[in-house]
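Please find some notes on the model below.

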Amino acid sequence: MTHKLLLLPGDGIGPEIVSQAERVIQTLGRTHGLSVELETALIGGAAYEAEGDPLPEQTLALAQASDAVLFGAVGGPQWDAIERDKRPERGLLRIRAGLDLFANLRPASLVPELAEASSLRPELVAGLDIMIVRELTGGIYFGQPREQGADRAFNTMVYSRSEIERIARRAFEIARLRDRRVCSVDKANVLEVSEFWRQTVTAVAADYPDVTLSHMYVDNAAMQLVRAPKQFDVIVTGNLFGDVLSDIAAMLTGSIGMLPSASLNEQSRGLYEPVHGSAPDIAGQDKANPLATILSLAMLLRYSLGETVMADAVERAVARVLADGLRTADLQSAGSTPVGTQAMGDAVIRALESASH
Ligand SMILES: NC(=O)c1ccc[n+]([C@@H]2O[C@H](COP(=O)([O-])OP(=O)(O)OC[C@H]3O[C@@H](n4cnc5c(N)ncnc54)[C@H](O)[C@@H]3O)[C@@H](O)[C@H]2O)c1
Ligand SMILES: CC(C)[C@H](C(=O)O)[C@@H](O)C(=O)O
Ligand SMILES: [Mg+2]
């Protein structure tokens, strides 16, 4: 069966890291018979420059017609002062909303070889395996009204019952495939929207008696992620809190350059992207770590294409190159020589090829 895939490289390091994932896709064609129809389209600053719109209609239409989308990153300082609705990040928010990708899965698990790269002591992260389930199409990111005036500005944090119920169900279902523990993170001691979130998640939990539900305030959750991260199995939270907590979780696993994500809708059609951004400080220098994008491809193979064998093969190839000692600059320990983006891609491809012989 031929799968339709759309690549959206975007800005900054986006094109460099997505092109390594594209080479992995081509390798899987040779080693595992993966059959794909690949298209590439513009998004973010690149699309704004070419078409005056960070999400051209054509890009959204192609995404809607694809089985899955692999996204790099958008944004950069050259677009920070343009009209807000034209900014690259708005392209990403609009495609998430346009595909109804309400469930953002951000797994943070430690590859044993990277224990020394973690920001925490090895014993705190050994065996770490957390799944952050971030609500992605609601909350303060999308709430109306929103306004920036001359002397004041505001956004609205709003969640409806159905929005909370669907993300909570997704979290409980994921927990059933794991350690059956869900921690819902909110700010119910201050915010009405969070109190409603907590009540709604608690009501949904009644349908999942085999899963243990706990609640935590977001400030404490940020602290607990650094103090004792292994206490968590699945974390379910709103859009803004999930954004922040997932960057914290990234550093537990060694580098933000390692963290993949899947953004899914009800049909498990999805957009897959590294958690990090366009890293303008290292763009175009062959320094970016492509592994978060390659691991996002593994999630794409698993969740949207059902190609579990290939997903496992990609994840094993990544583990292999790390076990062999290859490190991009973000993962490097003192004294060793880092490899570049392209060389890291080469190594993953070699590992895939040698495993299939
Ligand atoms: N999903 C996205 O497209 C996304 C996510 C976050 C930020 N952004 C945008 O990216 C731009 C830069 O944002 P930022 O600097 O706050 O965050 P960032 O994630 O781009 O970079 C933060 C730091 O991490 C490093 N880094 C990130 N990815 C890396 C990788 N793969 N390999 C090695 N190092 C890596 C960068 O060099 C930088 O020092 C902004 O315009 C922001 O809006 C986009
Ligand atoms: C670039 C931005 C819109 C995005 C977000 O806040 O969701 C990013 O930080 C992320 O984590 O994917
Ligand atoms: Mg973020």
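1. In this predicted model, 19 residues of domain 1 are in contact with 19 residues of domain 2, contact meaning that C-beta atoms, placed from the backbone, lie within 7 Å. On the domain 1 side, helix H4 (88-98), helix H10 (291-303) and helix H11 (308-323) each supply at least two of the touching residues. Helices are DSSP runs of H or I with at least four residues, strands are E runs of at least two, and both are numbered from the N terminus.

2. That side of domain 1 has 12 nonpolar, four polar and three charged residues. Nonpolar covers Ala, Val, Leu, Ile, Met, Phe, Trp, Tyr, Cys and Pro; charged covers Asp, Glu, Lys and Arg; the others, Gly among them, are polar.

3. Domain 1 consists of 1-102 + 265-357, and domain 2 of 106-257; the bounds come from an automatic or database domain assignment. Their centres, taken over C-alpha atoms, are 23 Å apart.

4. Strand E3 (residues 68-73) is largely enclosed by the rest of the structure, because six of its six residues are buried (20 or more other C-beta atoms within 10 Å of a residue's own, all placed from the backbone).

5. E3 runs parallel to strand E1 (residues 3-10), with five bridges between them; Leu8 has Phe71 as its bridge partner. Three bridges, also parallel, link E3 to strand E12 (residues 270-274), where Tyr272 stands opposite Leu70. Pairing requires at least two DSSP bridges.

6. Ligand 1 is surrounded by 21 residues, the closest being Gly75, Gly257, His276, Gly277 and Asn289 (near means a C-beta atom, placed from the backbone, within 6 Å). The shell has 10 nonpolar, seven polar and four charged residues.

7. Residues are numbered from 1 along each chain as its sequence is written, while chains are lettered from A and ligands numbered from 1 in the order in which they are written. Local features need pLDDT of at least 70 and side-chain atom pairs count only at pLDDT 80 or more, whereas totals for chains, interfaces and linings use all residues.

Technical notes:
Two residues are in contact if their C-beta atoms, placed from the backbone, lie within 7 Å. A residue is buried if 20 or more other C-beta atoms lie within 10 Å of its own, exposed if 12 or fewer, and partly exposed in between; C-beta atoms are placed from the backbone.
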